[in-house]
Amino acid sequence: MASSALPSRTFYRHCAPPPPPSREACAACCLPGAVSRRRAAAQLLSAAGFLIAISPPPPPSLAARRGRRVVPPEDYVTAPDGLKYYDLVEGKGPTAEKGSTVQVHFDCIYRGITAVSSRESKLLAGNRSIAQPYEFTVGSLPGKERKREFVDNANGLYSAQASPKPPAAMYTITEGMKVGGKRRVIVPPELGYGKKGMSEIPPDAPFELDIELLEVVPPAEK
């Protein structure tokens, strides 16, 4: 009698299944384009670097935008009377000495704005004319040449004596300049327009004075 084979029994150890993922983790994984925190931080840093690379440079100062040269404070020279100046252009012509009669153009600049200038044209009887250079004697008392309120010249134009008066600093700081030279001066209030101010220059305010020396008549030739 043939013995019947009994099926073998295989015993399996039942391991506990892993816990199901949390709802938050599942939602994060199921979101389209979901990234890890580390990858997200790397992407943000990369985007920030790109924005910095393509961002425009900071805007230049007002003086630079208007084509004016910006002079560092340490480059100014101190004159014997304490005024600080810087020669923008070294002249090649005759030198202005004390007692010389000179013709200049001047501009008083306050915070990038030209407040007083000998270059301003005048409105005469409804017609606009070109302003003439300002004439004075180096080292003289300020305003002495302005006794005549209006001055005519050969071609019928009024001179700069009809324009707002220059600061007192111009009468001394012009000494030593050469014709063709341009000088920038830091004018303190006591040698500028003082407690009254002038145009856009408020009372007791320092400002920049640009001088261009056009002509020199030595004292012996007057």
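User: What do buried, partly exposed and exposed mean here?

Analyst: Buried means under 20% relative accessible area, exposed means over 50%, and partly exposed is in between (1.4 Å probe, protein chains only). Asp-107, with a relative accessible area of 13%, is buried. This is a predicted model, where local features need pLDDT of at least 70, side-chain atom pairs count only at pLDDT 80 or more, and totals for chains, interfaces and linings use all residues. Residues are numbered from 1 along each chain as its sequence is written, and side-chain values use heavy atoms, leaving out hydrogens and water.

User: How many salt bridges does the structure hold?

Analyst: Let's start with the idea. Side chains of opposite charge can pair when their charged atoms come close. A salt bridge is a side-chain nitrogen of Lys or Arg within 4 Å of a carboxyl oxygen of Asp or Glu. The structure holds 5 of them.

User: Which residues are linked in a network of salt bridges?

Analyst: Asp-107, Arg-119 and Glu-212 are. Arg-119 meets Asp-107 at 3.0 Å, N to O. Arg-119 lies in the loop between β4 (113-117) and β5 (122-124) and Asp-107 in strand β3 (residues 101-110), so this pair ties together parts 12 residues apart in sequence. Strands (E, at least two residues) are DSSP runs, numbered from the N terminus. Arg-119 also pairs with Glu-212, their closest N and O atoms being 2.8 Å apart.

Methods. Helices (H or I, at least four residues) and strands (E, at least two) are DSSP runs, numbered from the N terminus.
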